[in-house]
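Subject: Structure handover

Hello,

Here is the structure for you to look through.

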Amino acid sequence: MKSQNPKPKLGKIWAALIKGALKFVERKLRKVIKDDIAYEGVTLLTTPLKATADALSDSDPDDKAQIAGIAKRHLNIGVIPYVERRATDLAMKIKNDELRQFVTTVDNIPFAVARIYTDDNPNNDNQLLGYIEAWLEDKENQEVIINVALRTLIEKVFDVETAEFLIGLINNQIAGINFDFDKDGD
Ligand SMILES: [Ca+2]
Ligand SMILES: [Ca+2]
């Protein structure tokens, strides 16, 4: 007869040894790697391994689901924010003011989308629509899209006077528009 709680795949002692070894590696590497961001890359590898050792040695028999959860959480709160910060650091190095403004405005989008698909809320479509809505209604985002991206384009096509007129028109049209893609009334 199958017992309701089968023995964990990994004994408690083994799990403790593995976690101890990982902490030892972390401490050793902390001494060698002075750069905080680079060291965070190390803990990005060791953190899910420690969580996996716990999952394989605890009383919950559904290891597969536990490990899938660890991987998803690891992406959501570990990998995605880490890569996002690195991308922002790189974007801040762009010398051209307008280009930097534009890149730092749009570079959070792929990370926000990745977060939506890896968090605990299964209603991704609504989350996505809510995000796009909030993004478009954000005054700073509108400012950069209209007065940096669009202005650059319009000024290339029209003379200064026409360009100013068009930008003014677009600013007036956009101001006060309420996007409601997810039909929640906001
Ligand atoms: Ca388990
Ligand atoms: Ca989600």
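Predicted model: local features only at pLDDT ≥ 70, side-chain atom pairs only at ≥ 80, totals over all residues.

Residues are numbered from 1 along each chain as its sequence is written, and chains are lettered from A and ligands numbered from 1 in the order in which they are written.

Overall fold

The protein has eight helices and zero strands (DSSP runs numbered from the N terminus, helices being H or I of at least four residues and strands E of at least two). Its radius of gyration is 24 Å, well over the 16 Å that the globule rule gives for 186 residues, so the protein is more spread out than a compact globule. That radius is taken over C-alpha atoms, and the rule is 2.2 Å times the number of residues to the power 0.38. Along the principal axes, the C-alpha atoms fill a box of roughly 80 × 45 × 20 Å. Of the 186 residues, 4% count as buried (20 or more other C-beta atoms within 10 Å of the residue's own; exposed means 12 or fewer, partly exposed in between, with C-beta atoms placed from the backbone).

Helix pairs

The axes of H7 (residues 139-157) and H8 (residues 160-174) come within 10 Å and cross at roughly 155°. Axes are lines fitted to C-alpha atoms, for helices over the stretch in contact, with angles from 0 to 180 degrees between N-to-C directions. H7 and H8 are therefore roughly antiparallel (angles over 145 degrees; under 35 is roughly parallel, 65 to 115 roughly perpendicular, the rest oblique). Residues in their contact include Ile146 and Leu150 of H7 and Leu166 and Ile170 of H8 (contact means C-beta atoms, placed from the backbone, within 7 Å).

The axes of H3 (residues 63-92) and H5 (residues 109-118) come within 9 Å and cross at roughly 175°. H3 and H5 are therefore roughly antiparallel as well. Among the residues making this contact are Leu75 and Ile80 of H3 and Phe111 and Ala114 of H5.

One residue in H3

Thr88 is found in helix H3. Thr88 is partly exposed, with 14 other C-beta atoms within 10 Å. Not counting residues up to four places away in sequence, Thr88 touches Thr104 and Asp107. The C-alpha atoms of Thr88 and Trp14, 74 residues apart along the chain, are separated by 40 Å.

Regards

Note on methods:
Contact = placed C-beta atoms within 7 Å.
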